Amino acid sequence: MKLRKILGIDIGGSGVKGAVIDTKKGRLITERYRIPTPQPATPEAVAKVLSKIVKHFKWKGPVGVGFPGVIQQGVARTAANVDNSWIDKDLNRLFSKATGCRVHAVNDADAAGMAEVKFGAGKGKKGTLMLITVGTGLGTVIFSNGNLVPNLEMGHILLHGADAELYATDAARKRLKLDWDTWAGRFNEYLLRIEELAWPDLIIIGGGASKKGEKFFPHLTTKAPVIPASLKNEAGIVGAAMVSKYYNKLEREEK
Ligand code: BGC
């Protein structure tokens with residue numbers, strides 16, 4: 001089986017997006033195909049969407065899937081912004097069965113981080129690098145000299161006694177109808193707290209909010225420089241494909 005081209009899929013709060021990825025170049029080689037996330041976003045409903053995406057691309061090879069929760073060996077352990085019935089589901093098994101392809105699932109922020117470090121804003125950067133995806137949730141990833149510690153969940157640290165996601169996500173900005181300056185102040189508070197805990201040398205901001213960087217970057221006061229992600233909304237699918245390639249290689253070596 002060739003592993004250069006892999007179908008990458010990102011499960012998001014509002015859409016499930018897929019494209020065939022050239023994992024060597026970190027680029028999409030097809031158009032992105034998007035299906036709205038079914039509501040409620042149960043495992044079975046999302047598995048059906050995945051099988052539609054696979055059919056759309058007439059795909060038969062390996063698939064990588066980014067999921068918005070902790071994933072240990074293919075099993076979901078948390079589901080902060082999706083249906084609770086995901087918890088303890090073996091996603092690799094569920095999705096492989098639904099699509100007929102070999103599927104590997106990974107945390108969505110970890111996937112985006114892999115792509116940004118190899119092909120995007122983190123390329124060639126040394127030291128401790130942090131990627132924060134700002135969308136429905138807060139995805140957090142740390143790389144130390146290129147090495148990732150998976151499933152870091154610093155989006156849920158406490159800020160003012162509550163989950164930081166309730167205070168500083170892009171979803172909170174929309175829900176509470178905050179103007180950009182107010183939200184930027186909140187997000188800056190969050191970043192300062194993260195800085196006290198993790199001391200990154202560089203912070204990269206990805207996810208939906210990163211498209212509006214000019215509205216809030218000038219308000220950020222961390223010691224570490226903050227830069228926008230460069231693969232924008234493609235990082236998740238590119239990274240999911242990269243992770244699938246990694247697992248497929250491992251499994252091949254183990255045989
Ligand atoms: C989840 C993370 C996820 C992030 C971004 C958070 O609510 O706990 O696992 O990476 O949202 O989707």
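Student: Is Arg 93 buried or exposed?

Tutor: This is a predicted model, and the values below are computed from it. Arg 93 has a relative accessible area of 61%, and it is exposed because that value is over 50%.

Student: Which residue forms a salt bridge with Arg 93?

Tutor: In general, side chains of opposite charge can pair when their charged atoms come close. Here the partner of Arg 93 is Asp 90, and the closest N and O atoms of the two are 4.0 Å apart. Asp 90 counts as partly exposed, its relative accessibility being 25%.

Student: How many salt bridges does a search of the whole structure find?

Tutor: The search finds nine. One of them joins Glu 251 to Arg 102, with the closest N and O atoms 2.9 Å apart.

Student: What does Asp 22 form with Arg 4?

Tutor: Asp 22 and Arg 4 form a salt bridge, and their closest N and O atoms are 3.0 Å apart. This pair links distant parts of the chain, 18 residues apart: Asp 22 is in strand S2 (residues 15-22), and Arg 4 is in the segment before strand S1 (5-11). For Asp 22, a relative accessible area of 9% falls under 20%, so the residue is buried. Arg 4, at 37%, is partly exposed.

Student: Which residues form the positive surface patch?

Tutor: The patch consists of Arg 32, Arg 34, Lys 211, Lys 212 and Lys 215. Take Lys 212 as the example: its place is in the loop between strand S14 (202-206) and helix H7 (213-216). With 38% relative accessibility, Lys 212 counts as partly exposed.

Student: Let us turn to the aromatic rings. How many aromatic pairs are found in the whole structure?

Tutor: A pair of aromatic rings is described by two quantities, the distance of the centres and the angle of the planes. The search of the whole structure finds 11 aromatic pairs. For Tyr 246 and Tyr 247, the ring centres are 5.3 Å apart and the planes stand at 70 degrees; the angle is over 60 degrees, so the pair is edge-to-face. Tyr 246 counts as partly exposed at 49% relative accessibility, and Tyr 247 counts as partly exposed at 33%.

Student: Which residues do ring pairs link into a cluster?

Tutor: The cluster contains Trp 180, Trp 183, Phe 187, Tyr 190, Phe 216 and Phe 217.

Student: Finally, where is Leu 131 found, and how far apart in space are Leu 131 and Ile 142?

Tutor: Leu 131 is found in strand S9 (residues 128-134). Its relative accessible area is 2%, so Leu 131 is buried. From C-alpha to C-alpha, Leu 131 and Ile 142 are 6.5 Å apart, while in sequence they are separated by 11 residues.

Conventions: Residues numbered from 1 in each chain as written. Predicted model: local features only at pLDDT ≥ 70, side-chain atom pairs only at ≥ 80, totals over all residues. Heavy atoms only, no water. Patch = residues over 30% accessible without salt bridge, like charges linked within 9 Å, V, L, I, M, F, W, Y side chains within 5 Å. Areas by Shrake-Rupley, 256 points an atom, 1.4 Å probe, with all protein chains shown as cover. Salt bridge = Lys/Arg side-chain N within 4 Å of Asp/Glu carboxyl O. Lys, Arg positive; Asp, Glu negative; His and termini not counted. Charge placed at Lys NZ, Arg CZ, Asp CG, Glu CD. Helix = DSSP H or I, 4+ residues; strand = E, 2+ residues; numbered from the N terminus. Buried < 20%, exposed > 50% of the residue type's maximum accessible area, 1.4 Å probe, protein only. Phe/Tyr/Trp six-rings, centres within 6.5 Å; stacked < 30°, edge-to-face > 60°.
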